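Student: I've got a model open and want to talk it through with someone. Can we go over it together?

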Amino acid sequence: MSSDRTEPYDVVIVGGGPGGLSAAVALGRGRKRVLLCDAGPRRNAAATHIHNFVTRDGTPPEEFRAVARQQLSEYANVAVVDEYVSSVTGARGAFEVGVGSGRVQARRVLLCTGMIDEMPSIPGFRELWGQSIFQCPYCHGWELRDRQWGYFVRAFDPQHFQAFSLLLRGWTRDVVVFTHGVVDVPEAALQALGAAGIRVETQPLVGLLRKDAKLEAVQLADGSTVPRDALFTHPAQKQVELVRELGVALDDDGFVRVDPMTRETSRAGVYAAGDLATRMQGAILAAAAATHAATVINMELTAELVMAGLR
Ligand SMILES: Cc1cc2nc3c(=O)[nH]c(=O)nc-3n(C[C@H](O)[C@H](O)[C@H](O)COP(=O)(O)OP(=O)(O)OC[C@H]3O[C@@H](n4cnc5c(N)ncnc54)[C@H](O)[C@@H]3O)c2cc1C
């Protein structure tokens, strides 16, 4: 029944990463008519394996998505398409969604569109992202334990700076914090890091030296180099175009604001889950948040459809 695009869908899910795919399972099992639209690239496109996801630890991201799609194919009420969602107009219960070159109707919309990482303009950064440069030590730290690590601090956040620097020490004794000449670190934080054996390097990074597609050393403004095997950092992020155009409310860090109980955005009937709504970013976290959103949507819709005599 899902192939008939003239009939309204119960839910259009935008995004086929861990978030969107998980929501589709819950809504499919809840017997809702679902259209999941995904138009890559995925956030972890540069990574070769997903870690820190129980039963999926070490799975290549493409395999993760392929298995999810294969499992979803068992639900005739769920359609998964590789199509771009360009617009969402209308209101709760009667949205019109621009999908590919056409339009579909939907009672609810769930945004699982992830975030766009903006690569710093340091030579070598883009090539090493996902290979030797990572956002999260839980995802890629184990494989590089006891090696030479760096923390590239892009912008100073007093809550995060010291805690994240110390966190990295849990995987290796050799951590250098690079403040890139732009971050003014308070004396108390410097002392804490020093006590933990963490060196702070204040010069700007001007390049990243590679060998066999892996990081070999960080090059500093004075021409010196610091040998490193891995760099952790949090690039600036932005919302995808659809979310920016929708105009849903964002928090001070640029993440989509959602009601914590329902995961509804500032736009009634539009929900959000996964990386786009939190700094706590990880595949299993996105999957859990999207399952939460899906169960709320399913509960609301079921009552609505049953009372209207539509189910
Ligand atoms: C280099 C790297 C390595 C990582 N490694 C790990 C790891 O090992 N373990 C872990 O747990 N996490 C890891 N992460 C984090 C993890 O990838 C994310 O937390 C997770 O993918 C978020 O899932 P999501 O569903 O919210 O978004 P995403 O996985 O980013 O999926 C969003 C999807 O929505 C699609 N989309 C966006 N806009 C539209 C539109 N308008 N129409 C249609 N489709 C659209 C995108 O193309 C994308 O496919 C890593 C991240 C990076 C950057």
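Student: Where is the place of His 51?
Tutor: This is a predicted model, so local features need pLDDT of at least 70 and side-chain atom pairs count only at pLDDT 80 or more, while totals for chains, interfaces and linings use all residues. Residues are numbered from 1 along each chain as its sequence is written, and side-chain values use heavy atoms, with hydrogens and water left out. Helices (H or I, at least four residues) and strands (E, at least two) are DSSP runs, numbered from the N terminus. On that basis, His 51 sits in the loop between strand E2 (34-37) and H2.

Student: Is His 51 buried or exposed?
Tutor: Here buried means under 20% relative accessible area, exposed over 50%, and partly exposed in between, with a 1.4 Å probe and protein chains only. His 51 has 17% relative accessibility, so it counts as buried.

Student: Which backbone atom lies 3.5 Å from a polar atom of the side chain of His 51?
Tutor: A polar contact is a pair of N or O atoms within 3.5 Å; within protein, one must be able to donate a hydrogen and the other to accept it, and residues adjacent in sequence count only if both atoms are side-chain atoms. For the His 51 side chain, the atom at 3.5 Å is the backbone nitrogen of Gly 58.

Student: Which residues come nearest to the ligand?
Tutor: A residue is near a molecule if one of its heavy atoms lies within 4 Å of it. There are 39 residues around the ligand, and those coming nearest are Asp 38, His 51, His 140, Asp 275 and Ala 283.

Student: Which helices each supply at least two residues of the shell around the ligand?
Tutor: The shell divides into 16 nonpolar, 16 polar and 7 charged residues. (Nonpolar is Ala, Val, Leu, Ile, Met, Phe, Trp, Tyr, Cys and Pro; charged is Asp, Glu, Lys and Arg; the others, Gly among them, are polar.) The helices you want are H1 (18-29), H4 (137-140) and H8 (283-307).

Student: What backbone oxygen lies 2.6 Å from a polar atom of the side chain of Thr 302?
Tutor: Thr 302 is in helix H8 and is partly exposed, with a relative accessible area of 30%. The backbone oxygen at 2.6 Å from its side chain belongs to Asn 298.

Student: Within what arc do the buried residues of H2 fall?
Tutor: The buried ones in H2 are Pro 61, Phe 64, Arg 65, Ala 68 and Leu 72. They line one face of the helix, because, seen down the axis (taking directions from the helix axis to the C-beta atoms), they fall within an arc of 90°.

Student: And in H5, which residues are exposed on the other side?
Tutor: Phe 161, Phe 164, Ser 165 and Leu 168 are the buried residues of helix H5 (residues 158-168). Their arc around the axis is only 100°, so they are on the same side of H5. Exposed on the other side are Pro 158 and Gln 159.
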